[in-house]
Amino acid sequence: MSRDTVVAKRYAKALFELASAEGVVSEVEAQLKLIADALKQDEQIGKFLSLPSVDPAAKLAVLKSAFGDRISVLVLNTIQLMISRGRQSIIANVHEAFVKIAGEVLGQAHATVYAARELSEAELAGVVAEFGSITGKKIIAEQSVDPSLLGGIQVRIGDRLYDGSLSGKLDRLQKTFKF
């Protein structure tokens, strides 16, 4: 396990403890996702935050102006601490670790449901119910359309992939014919 991963888990655990004490775990998770997604989508923000010549207060001011009141004081203070310690590069890792910690403690699991077409609310609810009974956790699903699946679905929960897609079945069939 890399050093950044270990450090990210420590920040995530501390932030989770504070968020759960205030009863704002899901809000903090959404805010971390907002920041992590912004950093992933715009490389310029990440480059700016990593510049050692820029004062940490200026970096924080830019983040405050960019996100405004969409970020709580709790998340802002955590980001400020990370920036002041030169750890801005692990913000996305902190989000991932926070999601895992929150899921374990609250009995939740995040799932990405891949389908060849967009599923209706009823179909997605059926998938969530089925995988909730399989895992014994409350599933929080995110949907992604992948036409290469041809039909059926794939569900990724953590590092586990449940493949019920037509393309997956065809691949497995092809492998059985090859000796």
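Predicted model: local features only at pLDDT ≥ 70, side-chain atom pairs only at ≥ 80, totals over all residues.
Visitor: Let's begin with a helix. What span should the 17 residues of helix 2 have, and how far apart are its end C-alpha atoms?

Guide: Helix 2 covers residues 25-41, and at 1.5 Å a residue it should span 24 Å. Its end C-alpha atoms are 24 Å apart, which agrees with that expectation.

Visitor: Which residues of helix 2 are buried?

Guide: Val25, Val28, Glu29, Gln31, Leu32, Ile35, Ala36, Ala38 and Leu39 are buried. The partners they pack against include helix 1 (3-22), helix 3 (43-50) and strand 1 (108-115).

Visitor: How should I read a salt bridge?

Guide: Here is the general idea: side chains of opposite charge can pair when their charged atoms come close. In this model the count comes to three salt bridges. One of them joins the side chains of aspartate 37 and lysine 33, at 3.0 Å from N to O.

Visitor: Why are aspartate 37 and lysine 33 separated by about one helical turn?

Guide: In general, an α-helix has 3.6 residues a turn, so residues three or four places apart point the same way. Aspartate 37 and lysine 33 are four residues apart in helix 2, so about one helical turn separates them. Aspartate 37 is partly exposed at 26% relative accessibility, and lysine 33 is partly exposed at 35%.

Visitor: Where is arginine 117 found, and which residues is it in contact with beyond its neighbours within four places in sequence?

Guide: Arginine 117 lies in the loop between strand 1 and helix 7 (121-135). Leaving those neighbours aside, arginine 117 is in contact with Glu123, Gln143 and Val145. With glutamate 123 it forms a salt bridge of 2.9 Å, N to O. Arginine 117 is partly exposed, at 47% relative accessibility, and glutamate 123 is partly exposed too, at 32%.

Visitor: Is glutamine 108 buried or exposed?

Guide: Glutamine 108, in strand 1, counts as buried because its relative accessibility is 19% and the cut-off for buried is under 20%. Setting aside neighbours within four places in sequence, glutamine 108 is in contact with Gly103, Lys137, Lys138 and Ile140.

Visitor: Which residues make the nonpolar surface patch?

Guide: Leu150, Leu166, Leu170, Leu173 and Phe177 make a patch of about 510 Å². Leucine 173 sits in helix 8 (residues 166-177) and is partly exposed, with a relative accessible area of 44%.

Visitor: What salt bridge does arginine 172 form?

Guide: Arginine 172 pairs with aspartate 163, with their closest N and O atoms 3.6 Å apart. Arginine 172 is partly exposed at 39% relative accessibility, and aspartate 163 is partly exposed at 26%.

How values were computed:
Residues numbered from 1 in each chain as written. Heavy atoms only, no water. Patch = residues over 30% accessible without salt bridge, like charges linked within 9 Å, V, L, I, M, F, W, Y side chains within 5 Å. Areas by Shrake-Rupley, 256 points an atom, 1.4 Å probe, with all protein chains shown as cover. Salt bridge = Lys/Arg side-chain N within 4 Å of Asp/Glu carboxyl O. Helix = DSSP H or I, 4+ residues; strand = E, 2+ residues; numbered from the N terminus. Buried < 20%, exposed > 50% of the residue type's maximum accessible area, 1.4 Å probe, protein only. Expected span 1.5 Å × (residues − 1). Contact = heavy atoms within 4.5 Å.
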